[in-house]
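Please work through the exercises below with the structure in view. Each task is followed by a solution in steps.

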Amino acid sequence: MNAYQNDIDAIRALKATHGAPWDAIDPESAARMRAQNRFRTGLEIAQYTADIMRRDMAEYDTDPSAYTQSLGVWHGFIGQQKLISIKKHLKSTKGRYLYLSGWMVAALRSEFGPLPDQSMHEKTSVPALIEELYTFLRQADARELDLLFAKLDAARAAGDETAAEFVRSQIDNFQTHVVPIIADIDAGFGNPEATYLLAKKMIEAGACAIQIENQVSDEKQCGHQDGKVTVPHEDFIAKLTAVRYAFLELGIDNGIIVARTDSLGAGLTQKLAVTREPGDLGDRYNSFLDTEEISRAELGNGDVVIARGDTLLRPKRLASNLFQFRPGTGEERVVLDCVTSLRNGADLLWIETEKPHIDQIAGMVDAIRAEIPDAKLVYNNSPSFNWTLNFRQQAYDLLEREGADVSAYDRSDLMSAEYDDTDLGRLADEKIRTFQRDGSARAGIFHHLITLPTYHTAALSTDDLAKGYFGDDGMLAYVRGVQRREIREGIATVKHQNMAGSDLGDSHKEYFAGEAALKAGGVHNTMNQFG
């Protein structure tokens, strides 16, 4: 007896108790609708996906080759197509997540129009996108199961019980498109209460993992831009705690918090940390400030000073009223940030770097793991990095250290296409190809993501089509560059009516009205041209 049949039997028994008023109800149709709507609420999704992430984290602890991945998406349809593609090509969604990027929400989903990544967009846009993503993923489940139900009906009509049994097993073992989303809450959109309120909305929409960064909320910057301002640890801990309370209030006891530090590229702080005794957390934060020793006689009007024993230190304050850190302290501050976050409720770390360099990342992770042995990273394989240039530079430096002849290469012009098919170019490309595997093995990276890939792919594919369609190729640009590829590569969107739910609607019409149903998928539907 399988789960699908169990559901049919349960509904058949329920129908029997209601008698004649339920004569129009077909138990198998109701069972199909239940199977197509496995997740009733966002909290069910949050719990289901949190369990997945926790299992994946435990597996990574024993096997660093079991790292996980995601791509950033900015619309439910894009997320849906990504998961359909994963299931089609890789047969399993295991270890594959979605990433919700605050940058893309700001750039693509704000009612103000395109905005920079500075937390100026409506914070409600974030839970709205989470809900949208899961709506599209659940629709992908419904669509794929509807196709299986059609196969089951066809096998029965043909009297092929072997085929029917095979399809029933596919229905029972169906793998959902619903996967974990790591969702960006930026710097929390305000004080800890604001962070808590937004985190609740995100969790209720289905988020099992919330990523929060240690920048100030009112001056938050993109992680790869200048002018980043961090907050003292106590301020950040309050927001980590607020997110944990949100998870606990909603019953997602194993929700995941990703604590991001921007200290590597942040040279400024908005305020001095509170310190109660030498060597405490606040004192350590302040110890990284760029200061000058002064005497009491040198105190000026409105000066802020730090007393260390008998010494007075005046932090260098900018015209913006921000204080600056000493140059070269970034990595040490990152390590302190990460250890502190893990000791105060975070589950995973995110270190925002200025380049993709495994040795640099590993150096910081080694220092963190000296205190927290199972520390794990979420790492941004960012499009803000020039991957080709960075890895050709690394390849050049490696070849030079090994004594190879690098005279044929101009290190200042390594982006040149003439290097594509050279030893250096091939070495760099291989390092890029294995970056995720190598980073997970050496630098503790549990999850690799690309924040903005579908922003770039949408622009690139649109440029390709516009160039040809409005040029000499005309309609051939679409047929050759899009539709013909969709057909030959089995892209589901070639039947766009089916993708949008037309066949699902036909099934429901038949459930509700029987032979009287007016269906769209008849012989005159032009989608039949695609087989």
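The exercises that follow concern salt bridges in this predicted model.

**Exercise 1.** Determine which parts of the chain are tied together by the salt bridge between glutamate 59 and lysine 94.

*Solution.* The closest N and O atoms of glutamate 59 and lysine 94 are 2.9 Å apart. Glutamate 59 belongs to helix α3 (residues 42-62), while lysine 94 sits in the loop between α4 (76-90) and β2 (96-100), so the pair ties together parts that are 35 residues apart in sequence.

**Exercise 2.** Classify glutamate 165 and arginine 168 as buried, partly exposed or exposed.

*Solution.* The side chains of these two residues, glutamate 165 and arginine 168, form a salt bridge with an N to O distance of 2.9 Å. Both lie in helix α7 (residues 161-172), 3 residues apart, which is about one turn of the helix. Buried means under 20% relative accessible area. Arginine 168 has 11% and is therefore buried. Glutamate 165, at 41% relative accessibility, counts as partly exposed.

**Exercise 3.** Locate the two partners of the salt bridge between aspartate 290 and lysine 316, and state how accessible aspartate 290 and lysine 316 are.

*Solution.* The N to O distance in this salt bridge is 3.6 Å. Aspartate 290 is in the loop between α10 (281-287) and β8 (291-294), and lysine 316 is in the loop between β10 (311-315) and β11 (323-324); the pair, 26 residues apart, links distant parts of the chain. Aspartate 290 is buried, at 12% relative accessible area, whereas lysine 316 is partly exposed, at 37%.

Terms used. Residues numbered from 1 in each chain as written. Predicted model: local features only at pLDDT ≥ 70, side-chain atom pairs only at ≥ 80, totals over all residues. Heavy atoms only, no water. Salt bridge = Lys/Arg side-chain N within 4 Å of Asp/Glu carboxyl O. Helix = DSSP H or I, 4+ residues; strand = E, 2+ residues; numbered from the N terminus. Buried < 20%, exposed > 50% of the residue type's maximum accessible area, 1.4 Å probe, protein only.
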